[in-house]
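Here's a quick briefing to read with the model open beside you.

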Amino acid sequence: MYKFKFADIGEGIHEGKLLKWMFEEGDKVKDGDTLFLVETDKVNAEIPSPVDGVVSKLLAEEGDTIHVGDVVIEIDDGGENENTKEDKKEEKETTKTETVDEGKDMAGVVGALEVGEDVIDSSDEKDQKEDSNSKKKILATPVARKLAKDLGIDINTLTGSGANGRVMKDDIYKASDKEKSNKKEDNIKDTKKESDNKSYKSNIDIPEIKIDGEVERVKVSKMRKTIAENMILSKSVIPHATSMDDFDVTELVKLRKEQKMIAEKQDIKLTYMPFVIKAVTLALKEYPVLNASYDMENEEIVYKKYYNIGIAVDTPEGLMVPVVKDADKKGILEISQEMNDLIEKSQDRKISLDDLRGGTFSITNYGAVGSSYGVPVIKYPEAAIIGIGRITKKPVVIDGEIVIRDLVPISLSIDHRIVDGADAGRFLNKVKEFLQDPMLLLLS
């Protein structure tokens, strides 16, 4: 019997909501088949089966919150996994102990543990022996007790999942994982509360919302909660400053129209965004401080020598920012294909955690929903983000004559701790140079 545990899928994810079972009890599954769909605070993940077999028991229901280390399904694979073997080993050891003690005090074996004092004789257990009427002894094998001691877990605080409440190795590992998770979450919370001088604390008393009419209350999703926390972190820690300008992209509109047909023959949908990604990447190489991060802990500026561009994507569940990796090493069409794939996976909630991590600079396109200007929020711990508005035809004066040109509004938000306004202006001008003369992008 294979006891399948919800595994750590990375990025500090410790729990998830079980959205859907793909199999029922009695169904046959194969190695690699998706067992269930789980919603985390970052992505929806399909969890595959590691073995062939028959679903013996579903240990969680759709809608339940499951934690890393929880056994969620049992699969009859015709053999034994390590967990099963270890449990049997523990049972065998416990049986030995119970047999030895059986003549002494049968009730003690059923209700608590009587392990030979020559094997385990901790100070805690001495106290328990002296006050056996007030404290219940813990049923566990010497192996389990040693494991708990090695991991720094007080075995007396655990509730065993084995027979007669016996503490199993899985119980100890789960307690250890939970303790680590709690410490990690506490560290994250402490970090979020620290400012540049590590003394930032929010002392704002949030007033209660006044209700004067009919309302509807909807529970915040894990993803929406994460978005809110990230926005608070960004605006609390990073001092934002924003520059705005209008770019003449008439030549870019023409070039994109010409290249669109070529891209379609390769089954690629060519938008303006790949050109913007390329222009931003080339500009970052000349102004690396905008591709950096401010390390508050060590008081250092971290200049990144790689160029991973995040693209803000509007999804039914909320904002996601998948990342085009190594954009400096890719051409316009390659960027376009990769970007389209990332957007589709984001909207379908099939994006992987690897596709969401590692960004060095972000772009948001509020022009896609018809907006012109906006003030984009930097994605912590990046140093800047650029916002693209809607392209419109407007009259401009060129060489003393009024002509109609294609203009796009651009907004650049910077981390003013490390990026000065002058650098922001020069960076914007370089991006403008590439977008106004897009042939430079093809030649770079």
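Strand β17 is mostly covered, with five of its five residues buried (buried is under 20% relative accessible area, exposed is over 50%, and partly exposed is in between, using a 1.4 Å probe and protein chains only). Bear in mind that this is a predicted model: local features need pLDDT of at least 70, side-chain atom pairs count only at pLDDT 80 or more, and totals for chains, interfaces and linings use all residues. Residues are numbered from 1 along each chain as its sequence is written, and side-chain values use heavy atoms, with hydrogens and water left out.

- Strands and helices here are DSSP runs numbered from the N terminus: H or I of at least four residues for helices, E of at least two for strands.
- In a regular strand, side chains alternate between the two faces of the sheet.
- Both faces of β17 are covered: A384, I386 and I388 are buried on one side, and I385 and G387 are buried on the other.
- β17 pairs with β16 in the parallel sense over four bridges (to count as paired, two strands need at least two DSSP bridges between them).
- S362 is the residue standing opposite I385 of β17.
- With β19, β17 runs antiparallel, and five bridges join the two.
- In that pairing, G387 sits opposite S411 of β19.

**The β5-β4-β2-β7 sheet**
- Four strands form an open sheet in the order β5-β4-β2-β7, with antiparallel pairing.
- The edges are β5 (44-48) and β7 (65-67), each of which pairs on one side only.
- From one strand to the next, the twist averages 45 degrees (angles run from 0 to 180 degrees between N-to-C directions, and axes are lines fitted to C-alpha atoms, for helices over the stretch in contact).
- β4 and β5 share five bridges in the antiparallel sense, and L37 has E46 of β5 as its bridge partner.

**F36, inside β4**
- F36 lies in β4 (residues 34-39) and counts as buried because its relative accessibility is 0%.
- Setting aside neighbours within four places in sequence, F36 touches F4, L18, K20, W21, M22, A45, E46, I47, I66 and V72 (contact means heavy atoms within 4.5 Å).

**Helices α8 and α9**
- α8 (residues 273-286) packs on α9 (residues 332-347) at an angle of about 115 degrees, with the axes 9 Å apart.
- M273, P274, F275, I277 and K278 of α8 meet I332, I335, S336 and M339 of α9.
- Those contact residues divide into seven nonpolar, one polar and one charged (Ala, Val, Leu, Ile, Met, Phe, Trp, Tyr, Cys and Pro count as nonpolar, Asp, Glu, Lys and Arg as charged, and the others, Gly among them, as polar).

- Most residues other than glycine have a negative phi, and most peptide bonds are trans.
- A cis peptide bond links Y380 to P381, with omega about 5 degrees; P381 is in the loop between β16 (361-365) and β17 (384-388).
- E299 isn't a glycine, yet has a positive phi of about 55 degrees.
- E299 sits in the loop between β10 (292-295) and β11 (300-303), and counts as exposed because its relative accessibility is 62%.
- D399, also not a glycine, has a positive phi of about 55 degrees.
- The place of D399 is the loop between β18 (392-398) and β19 (401-415), and D399 is exposed, at 80% relative accessible area.
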